[in-house]
Structure formats: C-alpha cells, structure tokens
Amino acid sequence: MAELKTVVIGLLGTTLDGGAKEQRWERWRPSVDLCRHEDLVVDRFELIADASARGLAAIVAKDISKVSPETEVRQHVLGFKDPWDFEEVYASLFGWTRAYPFAPEREQYLVHITTGTHVAQICWFLLAESRHVPGKLLQASPPAARVRSQPGSYRIIDLDLSRYDSIARRFKEEREDSISFLKAGIQTRNPAFNRLIEQVEVVASRSVEPILLSGPTGAGKSQLARRIFELKRERQRLRGSFVEVNCATLRGDGAMSALFGHVRGAYTGAVGDRPGLLRAAHGGVLFLDEVGELGSDEQAMLLRAVEEKTFLPVGSDRTVTSDFQLIAGTNRDLPAHSEQGAFRDDLLARINLWTFDLPGLAARPEDIEPNLDYELDKWDKQRNRRVTMNREARALFVAFATSSEGVWLGSFRDLNGAITRMATLAPGGRIDVASVRDELERLRKLWRRPGGERDDGLSELLGAKGLMEVDLFDRAQLVEVVRVCRESRSMSDAGRKLFAASRAKKTNPNDADRLRKYLVRFGLSWDAVVQGGGA
C-alpha cells in the first residue's frame, strides 16, 4: 500500500512568522521551521492568511520552499474583520474546511495550532474533534535559547487516542447540556423530535441566518425561540435582547409603526419618535410569531431589513440600522401561502434557509408522560405548592392522552391547561381518579366541534394528527363538502352541486376534476370520502 502524503494546514502567524529582512532567519518561525524537521516530511502546506497579510504570506511560502524544496505551498486568503470574534472565525474556518477536497485514503492531515489567535486555536480543535477536518492536531515549540539554529520540537495530538477522551467528553457533555436546555430539560422519547433539536442546537451555535419554526398552534415555537436566544447569549454570541411580537396582533398603519418605528409628525397622533421593535432587537433576536399574518408592505420592509440590516421608519427619509437575528414562527403552510400570492416568495426564500417543523403533541404520544412530569414540576416551582398524582390517576390520564381520543387540538397549551386545572382542584394536593375523569370530560367538550357527527366524520377520514393540522376555516368548509359528497350519486353530481354558481360562468366546466383536486389537498380520495374510511 502506498505511503500517505503528509499535509499541514495552518494559519499564518502575523507575529510569530513575521519578518521581511534577513534577520528573520535568526528567529524561530513556526510555519517555516516546522518544515525543517528531518523526521517530519511535509509534502504540502496549506497556508491560510488574512487578506491584509498577503505580502508576509508570500515571504513565508518562499522561505518554506528554501528550507524544504520538496514541500508544495498553497496559499489561501480568508478575510477576518475581527480575528478575536469566535463566531466569525469559526464560520470562516468551517466554510473553508467544507470546501476543501479532503482525501484521507491518500493523505494524512495535521492541523497546525501554534499560530493564530487563541480563538482560532479553539476553532481548529472543534473542527478536528467533530471530524470536519479528518486529521490530527500539531503543536510546535521553539528551541532552547542556546540552540537557536535548531527548528525546535513538535507534538502530534491524536484526539482519537484514549488519553484525549476526557477533552472530547467535555465537549460532548456541553453539547448534550445545550440540547437538553433547548428541550426545556424534558427528556423527550420521540426520535424525530430529538434529531430536530440536535439540528437546532448546531444551527443556533454556528449560524446567524434567519430560522423558521413551523408547526401547529401550541407546538412550542415561542418557547423554543426564546431558548435559542438564551443559548446564544450564554455562549456570548449576541449582546442584545429577545424581542417577541405576534404578527396576528398587528393591523393597519400601526403595524408599520410597531415594527419599523416612526418619526414625529409621520401621521396624526405621532407626537414623538418611536424606535420600533426592529431597532429594539439590535444585537439580539427578533421573534416574529405568525409571520404569515404580515401585510405585503410589512413583508417588503422586513425583507430589506433582513438582507441589508437597514430600513426606513414611517415618515422618515433617513435609513436606520439594526443588526438582529430573525426567528420566524408560523402555523401556516407558507409555501402554499406564497403560491396563492399572500406571502412574498422572495421573503420566504430568505427566511427558510433553516426551517424546522415542530410536531404537535398528538404526533408525540411517547412524550405525554415526560411532559406531564414537567408541567407538574413547573406548577410546583411557580406556586410553591407541591401537587402529586396517584398511580391509578396517572395511568388513566396517560391512557386517554395517548389514545385516538387525545387529539390535542391546542397541542401543549391544552396539556398545560389540563394540568393547571387538575392541580388547582386537586383535593389535598393529590390528583386522584375522580379529578382525572372530570378533566377528561372537559377536554372532550373542548375538542368537540359544532356539527357533532359531521366533525367526527373528519376525524375518521383524516385521523387525529391530520385533523389537528387543518385550519378551523378549512375544517368548516370540508365538513360541508364531505356531506354533499355522501349525499350525491357520483363525483360529477357532487361537483355540480358544490360549484353550481361558478360553473355557469365557465365555457368548459369540469366540476369532477375541481372536486378531485380539492380533496387531494387534504390527502383524500372520492372513494375514501363516500365510504367513510381514511385515504
């Protein structure tokens, strides 16, 4: 088998590697002297330098060629605005490693961590430990003062060796703590949700791009957004505040003013300047819940603010700046909303780089018990009053909550409400079977929709999870469509009844095809509807 070539990857040390005059040969320069070791043959040196140090990089590359003619030197330029900014340095080095054509079957890689700032050294460690760089760390040391002519010494750190397990374990434990924090400390048992939170943790740690959280009402979008902010603040990734607004509450001219601010005299009643929520979020996180409810003008302004970090307050001809990370939440199908012209496709393209679909409680039945314990603990901490639940009561509640009856239309909000009611009414601070039975009847009434049997028909057709994902407006319409279908002789007959007013205006009406396409939107077929089974 052919011997692997040795490739060293390292940053140019603007101080340690410095020097343009002949006296530089009297100094220890780690990048140059590393290639002087007889027992370390460097076949290629990937020398990474800041744009401002191109001249020094050229000198060092030339000097390496002098001391080791067999070493090929490749120069790479990365622009660091602030070499002490961890997020910027990590993002640049991470991007470089992602683009680098590693070939571990032919080459072995040594990451030189002697040069560069402490921030850069930490970033190299993380990239090697996570295997984004499939190599080992290389640490060089200067020679003793009396033997300056020697290249010094070096040490290769293989993180796969057992003596470095404690270091790797520390980073793993920190990441597990972060993931647990994002889940509010709940040890969820749902594999898909665990994978989603692991991805959220990585994105929260490495990216400042917008994040889109989608999912049904009550799925926990607002709570997760705040946890992302707190995690980034804990890691010193931002300095500002968490600013939250429900876009469904913004209406008319007040929406523009609330988001982007206004200047005095912008409109009647504007007696003073108003900074707006975007400026309040400078240096922090802006969470726009129900972002699909924004009007077209607000969407256009938001797009500019996200892309350029500038916008115009209402009534002003001078732009203002706000550098924030956007987290958007929605319970709508934004791509479908965009196709209908209700949401700008360019804004959607900008905010859905990182999209995470949060499942509702009905889709996570295995998480009922952990969340039950979490809600009881939260009740205890908030009210300083301990409430317990006996075994029979717990079994009865969990059996109902995980059955087909547990549709959880309000998702975790419904669960929180149920626990709050039971804990408040618990005799002697202990939830018993009678308390649970009373609560289950309340939940049944809460989830019972007008139309009785007709709505039960939708539950049978769509299932609990599918029904939960249908807006109330669409649900009311679908109930009537299903009724007409079941009372009609054929799909064409049902189509004629449903589209009687609009069909007269069409030159070539195809009512059956319109009905078929409508049913497909909900994953239904004609046979499934008229026979009463699922699609």
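Visitor: Is the crossing of α15 and α16 left-handed or right-handed, and how do you know?
Guide: α15 passes α16 in a right-handed crossing. The call is left-handed if the near helix is turned anticlockwise from the far one by less than a right angle, and right-handed if clockwise. Before we go on: this is a predicted model, so local features need pLDDT of at least 70 and side-chain atom pairs count only at pLDDT 80 or more, while totals for chains, interfaces and linings use all residues. Residues are numbered from 1 along each chain as its sequence is written, and side-chain values use heavy atoms, with hydrogens and water left out.

Visitor: What angle do the axes of α15 and α16 make?
Guide: Helix α15 (residues 412–425) and helix α16 (residues 433–447) have axes that cross at roughly 145° and come within 10 Å. The axes are lines fitted to C-alpha atoms, for helices over the stretch in contact, and angles run from 0 to 180 degrees between N-to-C directions. As for what gets a number, helices (H or I, at least four residues) and strands (E, at least two) are DSSP runs, counted from the N terminus.

Visitor: Which residues of α15 meet α16?
Guide: On the α15 side they are D414, A418, R421, M422 and L425. Their α16 counterparts include V436, L443 and W447. Contact here means heavy atoms within 4.5 Å. By class, this contact between α15 and α16 has seven nonpolar, one polar and four charged residues. In that sorting, Ala, Val, Leu, Ile, Met, Phe, Trp, Tyr, Cys and Pro are nonpolar, Asp, Glu, Lys and Arg are charged, and the others, Gly among them, are polar.

Visitor: Is S411 buried or exposed?
Guide: Buried means under 20% relative accessible area, exposed over 50%, and partly exposed in between (1.4 Å probe, protein chains only). S411 comes out at 0%, so it counts as buried.

Visitor: How does K309 count on that scale?
Guide: K309 is at 25% relative accessibility, so it counts as partly exposed. K309 is in the loop between α10 (296–308) and β10 (310–311), and its phi is near 65°, again a positive value in a residue other than glycine.

Visitor: What is the order of the strands in the open sheet?
Guide: The six strands run β3-β2-β1-β4-β5-β6, with mixed pairing. Two strands pair if DSSP finds at least two bridges between them. β3 (72–78) and β6 (153–157) are called edge strands because each pairs on one side only.

Visitor: Why is β1 called largely enclosed?
Guide: Because six of the seven residues of β1 are buried.

Visitor: And how many bridges link β4 and β5?
Guide: Strand β4 (residues 107–112) and strand β5 (residues 135–141) pair in the parallel sense over four bridges. Helix α4 (residues 118–129) packs on the sheet, touching β1 (5–11), β2, β4 and β5, and its direction makes about 150° with that of β5.

Visitor: What tells you that L288 is buried?
Guide: L288 has a relative accessible area of 0%, so it counts as buried. L288 lies in strand β9 (residues 285–289). Not counting residues up to four places away in sequence, L288 touches V245, C247 and L259, among others.

Visitor: How many disulfides does the whole structure hold?
Guide: Zero, from a search of the whole structure. A disulfide would need a pair of cysteine sulfur atoms within 2.5 Å. As for individual cysteines, C35 at 5% relative accessibility and C485 at 0% count as buried.
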